[in-house]
Amino acid sequence: MATSPDHSRRLAREPLKLNSARGVVRLKGSTLRPSPNCQPGLYTEEELKPHLQRPLQDPMAPGADGKPFVLHRMSLKERKEYSHGFMKNQFNQFASDHISLHRDLGKDTRHPDCLKQTFQRCPGLPTTSVIIVFHNEAWSTLLRTVYSVLHTAPAALLTEVLLVDDASTDDHLKTRLDNYVRQLNIVRVLRQRERKGLITARLLGVQAARGEVLTFLDSHCECFPGWLEPLLARIVEQPTAVVSPRITSIDRFNLKFHKPVPEPYHYSRGKFDWKLKFGWEAIPSRERKRRKNETYPVRTPTIAGGLFSVSKSYFELIGSYDDQMEFWGGENLEMSFRVWQCGGQLEIIPCSVVGHIFRKNSPHTYPNRSSIITRNLVRLAEVWMDDYKWIFYHTNTRAASIFEKSAFGDVTERRKLRERLKCRSFSWYLKNIYPEAYMPDISAVKYGWVNDFNN
């Protein structure tokens, strides 16, 4: 295991404090103060060595170097395994099970600007807890996610990996998993005995986390070399930034890892529509012109919400998650609006690359799924969208019904949070952060909807 000289005592921390300026969360003092023992210069390669070295790789092994898994002929038994695994997980579990848990993704193919990037010892990079929520995840994808963190994250910066079980029912995720992770030392399993969903499970992980930065990953990811340091370095530069890696695809059919290319890349950023659905779009020309090289962050109106890092102190200061949202859905947009309106910023860090298996359909079910997601969206609309909420209700009759019946729960505490943080209006967000958004005539929508409601 690599260690850096007295890292735990080199960084002194101050709590985040709220500044009274309207719409801006400023920090009184820095969250990262160099201690008297702070050593000048740059981190060395030795200081950034990972927690675990990968075992020797067979370049001809299935999926080696991020290549696709290929099996030309399958027996009847193998075809049954393939069908069962795909139906259960909505990705090729058969391929995953035949690829090494320690898969090496090969040569670092990021842009040369990323390869030249260095990191200062003063004030230094903060420590992080990696939080991974899972529910009935395949053994191989879950463990490959864990090992990809341990094989790439600098040991001096990685406090722990917290696996939060959202009441899985698969036998392999119970005692077998507990016994397996004991050998990994810094990996712990936390368990929700009752299925409560992603939001509550992540908050359980946050409560247990000891790192200075929270890093959230999904349970079917692989981390590319050098992914963690750029995220942590940006949080040092801007403690109110919520930063996401550049998320690349791991093919759900053959598990090919789509590696970054060394040429300048046309990046995408997060968006939303008035049905409050998240999506991706090309970054506008003004954003492209703002960036001086490939290490510069990409500002994004919204984030996907599955993979990101944030200062733990800042996460708690701005209200973490709305803990009255249920299961999953809408929490990424709620955080996106809240962070921007309350003085923070959302960024994608191009030099940080993490692969993710994107599934066409979720394999997991929970009661009244569609209604629960809509209820979550109504909660965020009622707190953060001001009169623009009428556009959402006009496009979503179920949301309108939930609003009319006041069936979205009590949002008093979230409104008090907005007032306490002196957050800006949704109109400010649209004008300054997402001016490219399609804008219906809000007065006509509101008038028409209210008249229809009265009738």
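**Labels and their cut-offs**

Me: Helix 5 contributes three residues to the lining of the second largest cavity, the most from any element. What makes something a cavity, and what makes a residue part of its lining?
Reply: One caution comes before that. The model is predicted, so local features need pLDDT of at least 70 and side-chain atom pairs pLDDT 80 or more, while totals for chains, interfaces and linings use all residues. Numbering runs from 1 along each chain as its sequence is written, and side-chain values use heavy atoms, without hydrogens and water.
Now the term. On a 1 Å grid over the protein atoms alone, a cavity is a set of points where a 1.4 Å probe fits but cannot get out; a lining residue has an atom within 4 Å of a point. Thr141, Arg144, Thr145, His220, Cys221, Glu222, Ile250, Leu255 and Ile357 line the second largest cavity. Helix 5 (139–150) and strand 7 (221–223) are the elements giving two or more residues to this lining. Helices (H or I, at least four residues) and strands (E, at least two) are DSSP runs numbered from the N terminus.

Me: How many cavities of 30 Å³ or more are there?
Reply: Two reach that size. A volume here is the space filled by probe spheres set on the points, which are joined across faces, edges and corners.

Me: How do you know the classes of the residues lining the largest cavity?
Reply: By residue type: Ala, Val, Leu, Ile, Met, Phe, Trp, Tyr, Cys and Pro are nonpolar, Asp, Glu, Lys and Arg are charged, and the others, Gly among them, are polar. The lining includes Arg110, His111, Cys114, Glu294, Pro350 and Val353. The whole lining divides into seven nonpolar, one polar and four charged residues.

Me: Why is Cys351 called buried?
Reply: Buried means under 20% relative accessible area, exposed over 50%, and partly exposed in between (1.4 Å probe, protein chains only). Cys351 has 0%, so it is buried. Cys351 lies in strand 13 (residues 345–357).

Me: Which residues is Cys351 in contact with, neighbours within four places aside?
Reply: Contact means heavy atoms within 4.5 Å. Cys351 is in contact with Arg110, Cys114, Gln117, Gly226, Pro230, Glu294 and Thr295. The C-alpha atoms of Cys351 and Cys114 are 5.4 Å apart, although 237 residues separate them along the chain.

Me: Leu276 and Asp386 are not glycines, yet each has a positive phi. Is Leu276 buried or exposed?
Reply: Leu276 has a relative accessible area of 5%, so it is buried. Its phi is about 60°, and it sits in the loop between strand 9 (268–272) and strand 10 (278–282).

Me: Why is Asp386 called partly exposed?
Reply: Its relative accessible area is 29%, so it falls in the partly exposed class. Phi is about 50° at Asp386, in the loop between helix 12 and helix 13 (389–395).

Me: What makes a set of residues a nonpolar core?
Reply: They must be buried Ala, Val, Leu, Ile, Met, Phe, Trp, Tyr or Cys residues joined through side-chain atoms within 4.5 Å. The largest core has 58 residues, and Phe272, Leu276 and Phe337 are among those with the most contacts inside it. Helix 12 (residues 369–384) gives the largest share, six residues. A second, separate core of 43 residues includes Ala153, Cys221, Cys223 and Ala241.

Me: Where is the cis peptide bond?
Reply: It joins Cys122 and Pro123, with omega about 5°. Pro123 is in the loop between helix 4 and strand 3 (128–134).

Methods:
On a 1 Å grid over the protein atoms alone, a cavity is a set of points where a 1.4 Å probe fits but cannot get out, and a pocket is an open set with protein on both sides within 12 Å along at least five of seven lines; lining residues have an atom within 4 Å of a point.
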